[in-house]
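Subject: Structure handover

Hello,

Here is the structure I promised to pass on. Please open it alongside this note. My findings follow below it.

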Amino acid sequence: MLDETFTPHGKHLIAGEWVSGGGTFSSAPVAGSAHEFSNGTPELIDRAAKAAEEAFWSYGYSTREQRAAFLDAIADEIEARGDKITAIGTAESGLPEGRLNGERGRTTGQLRMFARHIRDGAYLDRRHDEALPDREPAPRPDLKMVQRPIGPVAVFGASNFPLAFSTAGGDTASALAAGCPVVCKGHDAHPGTAEIVAEAIHAAIQSCGMPAGTFSLVQGGSLDVGKALVQHPLIKAVGFTGSLKGGRALYDLCAQREEPIPFFGELGSVNPMFLLPEATKARGAEIGKSWAGSLTIGAGQFCTNPGIAIVLDSEADAFVDAATAALKESGAQTMLTEGIASAYQSGQSRIASTDGVRELLATDCGQRSASPYLYETTGKAWLGNETLGEEVFGPLGLAVRVADVDEMEAVAKSMRGQLTCTLHMDDGDKDTGQRLMPVLERKAGRILANGFPTGVEVSDAMVHGGPYPASTNFGHTSVGTMAIRRFLRPVCYQNMPDALLPGDLAE
Ligand code: NAP
């Protein structure tokens, strides 16, 4: 039984103080009482950004060990509030208790992973070209290079990961690890969860003696808050997970600034799966059943949800029948917000009314719940209508029945940028796999064989990003240790006396 005693006070955390301001909005939990939260305002963003800049002058020059201890302390503080976080997180998001507990473990795991990563120091990519004073025709100076933190970073809490991609999630953890203070804009879908996690970060700031402006949380309330955040001249980069529409609007604002800044947006994808002929023949039904499981996990509210399956028409029946049967068994699930449930319904109507699309399974959805839908179409219809490749956020699948491997390759080439692409293949499919591979490498940040893309490992080799619109910066990842690179920039020191070098180079 959870200890559910956390009652949010509804305030923003600005530079170590809990403050109100800007009117209020109500949370919309699926269980328990709603609470009032102060709206964010551009003025609060300004205060938080100025405090972050002030904090940077010491936090940005803290030692790696100090920051690692701070990240570990945040993880400890989150664990100390474990049941309360799960209780408010499940009430606000509608996600089950097991998922919130797992996501909390992932969040603290990420914080501790970044602590280990910066203690190790390899991420600094230190380089040294020794001076060659006698080199002809010109001497070479002594050159040293190291990665330095960029300054205050803005983070947008994601609706679909109230913990692992929100207040103390991967963007915040990687920015703090790099040495960058964070101004976080909370998501209206889970303001109480944001508040209790901010409380944990605040406690760690105090116990570790970090400057108060190292972390601020400004709750949402209106689009003005997000706009003010990305446009603030003291903000040097943005971490974002959300919709293509919202992400693109914020990306454009970043590009239009007098000093443009990088916007690291993870905007989702349809994560196509290509079923190669031999694998489909041998185990089409098994793949179809597992696809249904991956499609419906978390009510399909994952950026890695595999919404599209491309399969040879001649081999497709067993796969499609098994997926239909398994999806029929899957009931309705609560969605993160009414807005997301309504967007799911609109997306489903769009697919259902597209020429050449046939319905295989349709169900009834409630005001804030989603049931699975399954459709099929032909390769020809897909190639004639690019809107079929737009993400429907929720448990909806579309099987694309292609005439042959040539058409499968044409469908692969028609795909927009993706977070993931998957090949289901057996030994006899190697030639087809080799043919598709160069196409898929140009499309996705992660390519899987015989698996499902939901479930993103947090590790050194993970890439959670990809060509636009999967992300706005294809050279980066928002999951795994490489995420820290987004908040660093290389600085070269020429003939610099040791006394003036940053501590990381002087070692
Ligand atoms: P969202 O609408 O993109 O919002 C994300 C954050 O950006 C929110 O804090 C939002 O502020 C802010 N924002 C959005 N547009 C803005 C603008 N023009 N100016 C300033 N701030 C802006 O995403 P969401 O609320 O999480 O979910 C909506 C849809 O996004 C879903 O139905 C789904 O299609 C998609 N989504 C995709 C993924 C993915 O990983 N692929 C994840 C989550 C959501 P406000 O809250 O104040 O509006």
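In which loop is the place of Asn 271? Asn 271 sits in the loop between strand 11 and strand 12. (Helices, H or I with at least four residues, and strands, E with at least two, are DSSP runs numbered from the N terminus.)

Some ground rules. This is a predicted model, in which local features need pLDDT of at least 70 and side-chain atom pairs count only at pLDDT 80 or more, while totals for chains, interfaces and linings use all residues. Residues are numbered from 1 along each chain as its sequence is written, and side-chain values use heavy atoms, with hydrogens and water left out.

Back to Asn 271. Its phi is positive, about 50°, although Asn 271 is not a glycine. Asn 271 is also buried, with a relative accessible area of 0%. (Buried means under 20% relative accessible area, exposed over 50%, and partly exposed in between, with a 1.4 Å probe and protein chains only.)

Asn 495 also has a positive phi, near 50°, and is a residue other than glycine. Look for Asn 495 in the loop between strand 21 and helix 15 (503-506).

Domains next. The protein is divided into domain 1 (12-21 + 36-267 + 471-506) and domain 2 (273-449). These bounds come from an automatic or database domain assignment. The domain centres, taken over C-alpha atoms, are separated by 34 Å. Twelve residues of domain 1 are in contact with 13 residues of domain 2. (Contact means heavy atoms within 4.5 Å.)

UniProt, in an unreviewed entry, places the feature "domain: Aldehyde dehydrogenase" at residues 36-458. UniProt positions are in the numbering used here, feature names are shortened, and annotations may be inferred rather than shown by experiment. The span 36-458 is 47% helix and 18% strand, and its end C-alpha atoms lie 35 Å apart.

Now strand 10 (residues 237-241). Five of its five residues are buried, so strand 10 is largely enclosed by the rest of the structure. Ala 237, Gly 239 and Thr 241 point one way, and Val 238 and Phe 240 point the other way. Strand 10 runs parallel to strand 7 (residues 153-156), joined by three bridges. Strand 10 is also parallel to strand 11 (residues 263-266), with four bridges. (Two strands pair if DSSP finds at least two bridges between them.) Val 238 stands opposite Ala 154. In strand 11, its bridge partner is Phe 263.

Helix 4 (residues 97-120) has 24 residues, and its end C-alpha atoms are 35 Å apart, which agrees with the 34 Å it should span at 1.5 Å a residue. (The expected span is 1.5 Å times one less than the number of residues.) Gly 121 follows helix 4, with a positive phi near 85°.

Helix 10 (residues 316-329) has 14 residues and reaches 20 Å from its first C-alpha to its last. Its buried residues include Phe 319, Val 320 and Leu 327. The buried residues of helix 10 pack against several elements, among them helix 9 (277-296) and strand 13 (308-312).

Finally, the cis peptide bonds. One runs from Glu 136 to Pro 137, with omega near 5°. Pro 137 is in the loop between strand 5 (127-129) and strand 6 (143-149). Another joins Tyr 468 and Pro 469, with omega about 10°. Pro 469 lies in the loop between strand 20 (444-449) and strand 21 (488-494).

Best wishes
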